Amino acid sequence: MPRQALVTGLGFITPIGNDRQTVEQSLREGRHGFTPVEFLNNPDLSTKVIGTIKDFVAETPNWRDWHYPKKYVIARETLRSLSPHGLFALCAMDQAIADAQISSAELTDGETGLYCASAGSTMVLHHHVARLLATKGERCGPLGVVSSIAGTLNFNLAAHYGIRGAVGGYVAACASSSHALGCALDDIRLGRQKRMIVVGAEEITPESILPFAAMRALSGNADPATASRPFDQERDGFVGAGGATVMIIEEAEFAQQRGAPVYAEFAGWGQAADGHSVAVSHPQGSGLADAITRCLKDTGLTPTDIDYINAHATSTPAGDRSEAHAFRTTFTNVGAKPRVSSTKGLTGHPLSMAGVMEAAFCSLAIQEKFIPGNHHLQTPDEACEGLDLPRATLDEAPRTVLSTSSGFGGSNVGLIFRQS
Amino acid sequence: MHQRRMEPPTASESSPIQLSDQAAEALAPFSVEVREAFIRYLSLRDMSAADEVVIAILKDHVPSRKVEHIPTNLTDESTLMGDLGIDSVSISDAVFVIEEIFDVSIANKDLANLHTVGDLRHYLRGKVARTTVS
């Protein structure tokens with residue numbers, strides 16, 4: 001029998017909660033994590049709302065300015081090479097390791113790997129490059145590279161926790177941490193690792209979020225209650241967000257032998273690309289439809305086996321329409337009608353972190369027996385015709401759940417979790 | 001929110017000596033005593049004051065687990081890696097802070113020969129003496 005993988009630990013630093021219980025409560029009650037913002041003290045900017053991390057202040061490149069809950073004890077030599085999203089990731093990883101009931105010694109035996117995803121820290125990189133240019137290349141903070149470039153999460157976390165298995169990073173924009181999860185599952189199936197830790201994190205700074213305003217991808221809606229409304233006719237762009245989410249998956253026999261707590265089985269994955277545009281999804285969602293089909297095939301399931309889809313849908317006009325078409329192609333057209341929702345209506349869009357955050361939501365939903373709703377959805381786009389889009393969270397126990405992700409360049413990923 | 005904070009050293013505010021922006025930023029995390037020591041070095045070329053600043057920078061780079069185990073008064077013989085537990089990356093960072101504050105450049109070939117507190121202290125004395133002459 002091929003090796004199976006189980007989800008055994010989760011850690012959350014998200015706009016809707018910094019622990020599992022708060023996240024679940026927010027998903028059940030439809031509590032969003034948005035806060036009004038005036039980036040760069042400029043009231044003329046159209047970006048008025050972001051998904052914020054509560055109880056943390058980490059908005060400058062200097063770790064000495066940061067504040068975070070006292071329960072996280074972090075040495076200064078560790079903080080020195082982190083960027084703000086590295087701080088979020090380290091705190092989420094501490095949570096996930098405790099949640100999975102793993103000792104620090106177990107992490108260092110080479111059987112545990114670590115895959116991470118983030119865009120790096122544009123703010124910290126800019127800070128160091130500005131000094132470099134001001135000194136005509138003569139001077140730059142020596143920790144500038146490891147604290148800021150894409151890869152900073154795996155550099156720091158692998159060193160901090162003493163991880164000696166497979167360590168690396170994934171860069172596919174908003175599909176990044178879903179790729180990381182899929183490849184982590186492959187490592188377990190191939191017997192290369194017993195345990196994989198997958199981390200997604202992003203920071204919430206003008207440098208990380210405003211470039212998307214330049215692409216006309218962000219909502220200009222100033223009302224936190226309606227700015228992010230995936231699948232709605234009136235949606236006008238995504239709401240930027242950040243934080244960190246960590247998921248620990250373990251080979252099933254290994255997990256069972258040690259009596260690990262189990263959320264769900266991570267049953268399969270698939271990916272496919274649009275081959276269409278650098279930034280815009282294929283209008284008919286062809287790459288995503290292919291990714292879902294491959295994911296179902298990998299898992300040995302049919303469309304009617306899926307009870308719930310946690311959609312990537314970010315609240316952009318083109319992206320949500322494309323995704324709705326992909327769901328109609330793969331589900332509606334073959335007589336399957338799973339529940340569909342996008343939890344980005346509550347969280348906003350945390351970019352590279354979205355995949356693992358939503359995979360973690362799916363694992364929670366399976367364990368705690370609920371289906372998150374589309375809390376800000378009022379009038380669905382006509383492209384959603386035939387899709388079952390519950391508004392409120394349902395007290396229904398989903399057995400099999402699909403989570404989708406799409407990133408720039410038309411990268412698409414599907415992940416399937418089911419009751420173990 | 002989203003305003004960048006930069007605290008200037010208070011010592012410079014009451015002093016006629018004007019710190020460079022990079023020295024002010026690099027000194028910001030240190031105590032008033034350390035900042036005043038740097039002003040004393042700048043205004044009087046008091047090299048023992050420069051030593052105080054260097055020692056403070058080194059202590060700031062000692063790993064948390066070692067902080068309680070190092071003597072309050074470091075000797076010239078204390079080794080940076082062995083006695084203070086500062087790894088090579090952190091030594092690079094400490095040296096960067098020294099470069100920013102004292103506005104000197106420390107070459108790789110020189111850095112390779114700086115193993116102890118005394119090495120660094122004497123090297124910096126030579127370096128700033130040359131800078132002053134030029």
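In what order do the strands of the open sheet in chain A run? The order is 5-4-6-7-1-8-12-11-9-10, with 10 strands and mixed pairing. Here, two strands pair if DSSP finds at least two bridges between them. This is a predicted model, where local features need pLDDT of at least 70, side-chain atom pairs count only at pLDDT 80 or more, and totals for chains, interfaces and linings use all residues. Residues are numbered from 1 along each chain as its sequence is written, while chains are lettered from A and ligands numbered from 1 in the order in which they are written.

**Chain A overall**
- Chain A has 13 helices and 12 strands; helices (H or I, at least four residues) and strands (E, at least two) are DSSP runs, numbered from the N terminus.
- With a radius of gyration of 20 Å, close to the 22 Å that the globule rule gives for 420 residues, chain A is as compact as a globular protein of that length. The radius is taken over C-alpha atoms, and the rule is 2.2 Å times the number of residues to the power 0.38.
- Along the principal axes, the C-alpha atoms of chain A fill a box of roughly 65 × 55 × 40 Å.

**The sheet**
- At the edges of the open sheet sit strand 5 (167-169) and strand 10 (339-341) of chain A, each pairing on one side only.
- Neighbouring strands of this sheet are turned by 25° against each other on average, direction ignored.
- Strand 11 (residues 400-407) and strand 12 (residues 411-418) of chain A pair in the antiparallel sense over 8 bridges.
- A:T404 stands opposite A:G414 in strand 12 of chain A.

**A helix pair**
- Helix 10 (residues 286-299) and helix 11 (residues 317-330) of chain A have axes that come within 8 Å and cross at roughly 45°. Axes are lines fitted to C-alpha atoms, for helices over the stretch in contact, and angles run from 0 to 180 degrees between N-to-C directions.
- Helix 10 and helix 11 of chain A are therefore oblique to each other (angles under 35 degrees count as roughly parallel, over 145 as roughly antiparallel, 65 to 115 as roughly perpendicular and the rest as oblique).
- A:L288, A:A289, A:I292 and A:T293 of helix 10 touch A:E323, A:A326, A:T329 and A:T330 of helix 11; contact needs C-beta atoms, placed from the backbone, within 7 Å.

**Where the chains meet**
- 15 residues of chain B are in contact with 16 residues of chain A.
- Helix 6 (residues 88-102) of chain B gives the most to chain B's side, with 6 residues.

How values were computed: Contact = placed C-beta atoms within 7 Å.
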